[in-house]
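Subject: Structure handover

Hello,

The structure you asked to take over is below. Notes on what was found in it follow.

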Amino acid sequence: MKKLGLVGGISWVSTIDYYRFINEGINEKLGGLNFAECIIYSLNFDDFQRNNTNGDWDATFELLLNACRSLEKSGADAIVLCANTAHAVSDQLEKEIKLPIIHVATATANEINKQGLKKVGLLGTKFTMEMDFYFKKLAENNIEAIVPFLQEERDFIQQTLKEELGRGIIKEQTKRAYLSIIEKLIENGAEGIILGCTEIPLLISQDDVSVPVFDTTKIHSKEAVNFAVSLN
């Protein structure tokens with residue numbers, strides 16, 4: 001089994017889900033008492049958020065690079081960045097370290113293509129929704145992504161991810177607001193919805209939405225499991 005290096009803490013709430021899903025996935029494939037060989041480097045979420053909010057992506061890159069190098073030195077065979085937003089610098093990271101980075105957007109695109117969808121709604125941090133790193137990966141797989149049109153809606157998602165979901169706080173009124181935003185995306189042609197922040201599945205599930213929902217935490221974890229048990 002290959003050893004996974006998880007960059008977590010962004011946030012710790014969703015890192016728990018990554019750890020659980022990866023271990024459950026390994027056991028499902030190998031049975032018995034087989035579970036994941038993995039190392040978790042848990043960052044201080046405040047450092048990550050502060051850098052992003054200030055637009056200091058160089059500092060974000062250095063923060064993640066230090067974590068990746070630590071995992072590399074500890075014997076990891078691949079890196080799992082346990083946050084969608086962190087993938088804004090994943091291409092840079094992969095150039096600096098000698099390990100593959102299992103990319104959340106590529107894994108998600110593969111799942112969308114399995115269902116034959118061509119246009120999806122993307123929810124995530126404002127960085128995921130407003131920068132181009134996620135859109136590029138989807139476009140490479142012939143998938144068009146749309147995000148909430150109104151700035152106030154994107155700001156609301158960012159604020160609730162930071163102040164509520166990232167702290168493990170679940171509010172019914174926040175869920176209703178998310179579902180209203182999702183319905184607008186569907187009205188604008190979205191055939192599926194990407195829950196493109198690892199905290200959003202804490203609030204929204206497939207049972208809440210009329211079109212296919214893509215839980216990136218589960219999808220990314222599944223891809224990490226496939227890598228860990230692969231023979232190549």
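How much space lies in the largest cavity? About 130 Å³. A cavity here is a set of points, on a 1 Å grid over the protein atoms alone, where a 1.4 Å probe fits but cannot get out. Grid points are joined across faces, edges and corners, and a volume is the space filled by probe spheres set on the points. By this rule there is 1 cavity of 30 Å³ or more.

Before the rest, the basis. This is a predicted model, in which local features need pLDDT of at least 70, side-chain atom pairs count only at pLDDT 80 or more, and totals for chains, interfaces and linings use all residues. Residues are numbered from 1 along each chain as its sequence is written, and side-chain values use heavy atoms, with hydrogens and water left out.

The cavity. Its lining (residues with an atom within 4 Å of a point) has 16 residues, of which F45, Q49, T85, T125 and C197 are the closest to the centre. The lining consists of 7 nonpolar, 7 polar and 2 charged residues. Nonpolar covers Ala, Val, Leu, Ile, Met, Phe, Trp, Tyr, Cys and Pro; charged covers Asp, Glu, Lys and Arg; the others, Gly among them, are polar. Helix α2 provides the largest share, 4 residues.

Helix α2. After α2 comes G55, with a positive phi near 75 degrees.

The largest pocket. A pocket is an open set of points with protein on both sides within 12 Å along at least five of seven lines. The largest pocket has a volume of about 200 Å³. Helix α1 gives the most to its lining, 5 residues, and the lining as a whole has 2 nonpolar, 2 polar and 5 charged residues.

D17 is buried, at 14% relative accessible area, and touches L202 and T217 (heavy atoms within 4.5 Å), leaving aside residues up to four places away in sequence.

Regards

Conventions. Helices (H or I, at least four residues) and strands (E, at least two) are DSSP runs, numbered from the N terminus. Buried means under 20% relative accessible area, exposed over 50%, partly exposed in between (1.4 Å probe, protein chains only).
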